Every structure is written in structure tokens, then in C-alpha cells.
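Work through the exercises below with the sequence and the model at hand. Each task is followed by a solution in steps.

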Amino acid sequence: MIKDVIPQQAFSTWFSPLKAISLEDNTLTLEVPSEFVREYLEEHYIGFIGKALRKQLGDGAKLMYNVRIAQDARVNIPSEPQRELKNKSLPVPRNNADQFNPYAIPGLRQLNIDPQLSPKNTFANFVEGECNRLGLAAGKSIANKPGNNSFNPLFIYGGPGMGKTHLAQAIGIEIKEKYPDKVVLYVSANTFMTQFIDAVSVKNKYADFLQFYQMIDVLILDDVHEFAEKEGTQNAFFHIFNHLQQSGKQLILTSDKAPVDLVGLEKRLLSRFKWGLSVELTQPSYETRLRILESKSRKDGIDLPKEVLQFLASKVVGSVREIEGTLISLIAHATLINTTIDMDLAQTVTDKIVKVSSNEISVDTIQDTVCEYFNITRDALASKTRKREIVQARQIAMYMCRNFTKISLAAIGQQIGGKDHATVVHSCNIVQDLIATNKTFKQYVADIENRLKF
């Protein structure tokens, strides 16, 4: 019932990960992957859930949540689907100056502390896609209730150029707009380390260093993985983290790896990184790359032909930074030689920027790579069998063809088992949904993408 009335991507993100645990005496118990997901469901979808439950179970229907937490422990949280969730008023900003703080530095609240946020890194300029949807939703929720939520810290991780800094700063900018009295600070791990080294080299300055950071309401620390093997810096940040977290302040951290994969950091610090919500920003799909290019060109006041945008989206398959950089280079070339942007210029510019192997990735190459990975034959991949492993392999092959080649969807379907355009679209949607909800399947796709690139 819910799937019929909300967008497919929303259903995939918020409802597909749910698991029904039990149904006893008109009480349905659902397992949710995190406290954040539970809060988001309560905030945005309790009306749909309540109506669906009442229709199936009657007016006495009730809902319980089992929230997955560390080490597979469970905590039961009751809900009341029979009530409609009204718009909640935002919490009134605290007047920190009126609260006693034993660590306060006299006069600090009167200083105008520069949050070090780039004005271009807003939510409005952040293009949403399946690669970042959960992180964006978490960021907007935090901006509404900084510090007063169940995902503190927010740990954003992913490869270079995936938008981690943009998302983290967007949260800070939104908080400053909604809560002007809050002290927001963005700082890179490298800057933090430099400040720490400077502080410990001067008598009594280390105490001032700690006191300054303990006064921050929203601390955004970028590239926390750079703390590896820096014991002194880690120890200082450990005490700052504890103070801010216990004081109800918001922490937002970014890293190139998930907390579980970080090395060279103390266990006590890593355990705290896992307290809140960890979200991964992944490589954007073709559709997201196309939206990024459209958004960027529109903001730059450049009207590019659709075929050029589609070509760039299919050719540049790396990070958001690479996508935007290629577009900037294309516009710069056209400006310098005073010519219009067409397919010939786009081809020339991308050939100089984008690394392309001597053998262009083709549909045949993709099919061979997928078959080798799953240990199946090309004949099996193209067959009409409905075996789950073959169907999924075929769907992944179609998804890869759409992302790595420039041929039409109809041509992709024709070359992979004689399927039609609608089958290819459906397969790509299925793959996107499974990437968002199934870690094992997501790893399959990542492995095959790496084989195709390298």
C-alpha cells in the first residue's frame, strides 16, 4: 500500500531495509537499521504507516520498532500509528551565553567567529542522487535539530571528490541560517593538527586550545583519517569530542573510509565515531552525473546541447569533482577559441582530460567481465532463464552498459539477450534499488566497476 503512494526511490531508501519481526495481538514489530531511520519514518511517513496498519489490522493496530545498534543489540521503541504526525515546531535556539559553562573563556561569545564555510556549498547546490540520498536526508534532519538527535556524530565517508566536504558544509550553512546564535566551525584535520602542535609548544596555550573547541556548538571536522598515528592530536580530539557530545553539541566528521576500515586511530576514538550515523557517498550514476552537469551549466549561464551533456555524463564516470572539472575545462576552451560548444569540441576536450584505455569499453567487454565475475557463460547471460543469479548478472550488465557506453538503451537490450528498451530501464532501476539496500549486491557492482576501469 505504501509503495503505491510514495516515490520508488523513497520507498527503496526508507522501507526496503525494514524487516518484519513479529505480529502479535495487532502489534507489528519492525526492525530498522538505525535510530536515524526510525526518526525519519516517524517524521515523514507515520501517516502512511498508520493508515496501512489500520486498514490491515483494524483501529487497534500498534507498531513497535527494534533498532539495530552496536553488536546487534536491540532496543524496543513503541510508536502510535493511529495518530497522524503533525508538523513539529523546531526547538528554540539555546542562548549559550546564559548557561553556566565551567570551561567558558570570558568574552568569547561576543567574538564573531568565522565558521569557515564556503557560501557555494549549500543544500541548494548539492545534487541529490542514489549515491548520496541517505547522507543528504541525514544532513537536513541535523540542520533542523543540531545536537538534539540520535545520529551524533554524523560520520560521512567516501572517496575523493564525492561531495563529503560540500555536504558537511551545507549542514553548517543551514544551521547558521536557522540558528544564528549557534557557533559553527568547519576545520580540516590538517589545520586542527597544526593548531594543536602550535598550542603544545607554548606554555598554557594548550588549555586555551581545548577551551576554544569546547565552546563550539557545531564542529565540522574534515578528513579525520589524517589523524592516523598522531597520538597527541587524537588524545586532544578525544577530550573535545567527549565534551561536545556530552554537552549536546553536534559533531560532523568526514573521512575517506568507514570507521571500521580506519587504521592508525585509537580504539576509544573509533568507537565514538560509531556512536551516531555513518553514511557513505558513492560514485554517481549516469542519471546523477547528467543532473550535476545540467545544474552546473545552468548556474554558469551556459546553455549546452543535450547531446553534449549526455556525452559528458557517459564519458566522465569518476567523482563529482572530475565531472565539474571537465565541464569547466570545456567551457574555458570554448571561451578561449571563441567557438560554440559542440560534440567535436567535447570529444577533443574529454580525450585530453579523461583517462581512456586503448580498448574502449564496449558491450562485449562488459558482458565478458560480468560473466567472468559470476562464472557463467555468455549464452547463459543472454538466455531466457529466470534463475535469480543469471537474472541479476544480466541486470548488472545492462546497468554497466548504460553507465560506461554511449549506445542507446534499445541497443543495449538488443545486444544482451534481445531485450527491449523497457527491460533495460527496469533492470537499471532494480540494480539501483539493490545497491541502496543490499551490501553484498553493492559489493558485486563495485567489484565489476573496478575491473572495467582498470
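**Exercise 1.** Is E229 buried or exposed?

Solution. The model is predicted. Step one: locate the residue; E229 sits in the loop between β7 and α8. Step two: take its relative accessible area, which is 63%. Step three: apply the cut-off, by which exposed means over 50%. E229 is therefore exposed, at 63%. Step four: check the backbone; phi of E229 is near 65 degrees, a positive value in a residue other than glycine.

**Exercise 2.** Classify N375 by its accessibility and describe its backbone.

Solution. Step one: N375 belongs to the loop between α14 (363-374) and α15 (378-382). Step two: its relative accessibility is 70%, so N375 counts as exposed. Step three: phi of N375 is near 60 degrees, again positive in a residue other than glycine.

**Exercise 3.** Find the residues of the largest nonpolar core that touch the most other members.

Solution. Step one: this core has 33 residues. Step two: those touching the most other members are F192, F209, L219, F237 and F273. Step three: the elements giving two or more residues to the core include β5 (154-157), α8 (231-246) and α9 (267-273). Step four: α8 supplies the largest share, 6 residues.

How values were computed:
Residues are numbered from 1 along each chain as its sequence is written. This is a predicted model: local features need pLDDT of at least 70, side-chain atom pairs count only at pLDDT 80 or more; totals for chains, interfaces and linings use all residues. Side-chain values use heavy atoms; hydrogens and water are left out. A nonpolar core is a set of buried Ala, Val, Leu, Ile, Met, Phe, Trp, Tyr and Cys residues joined through side-chain atoms within 4.5 Å. Buried means under 20% relative accessible area, exposed over 50%, partly exposed in between (1.4 Å probe, protein chains only). Helices (H or I, at least four residues) and strands (E, at least two) are DSSP runs, numbered from the N terminus.
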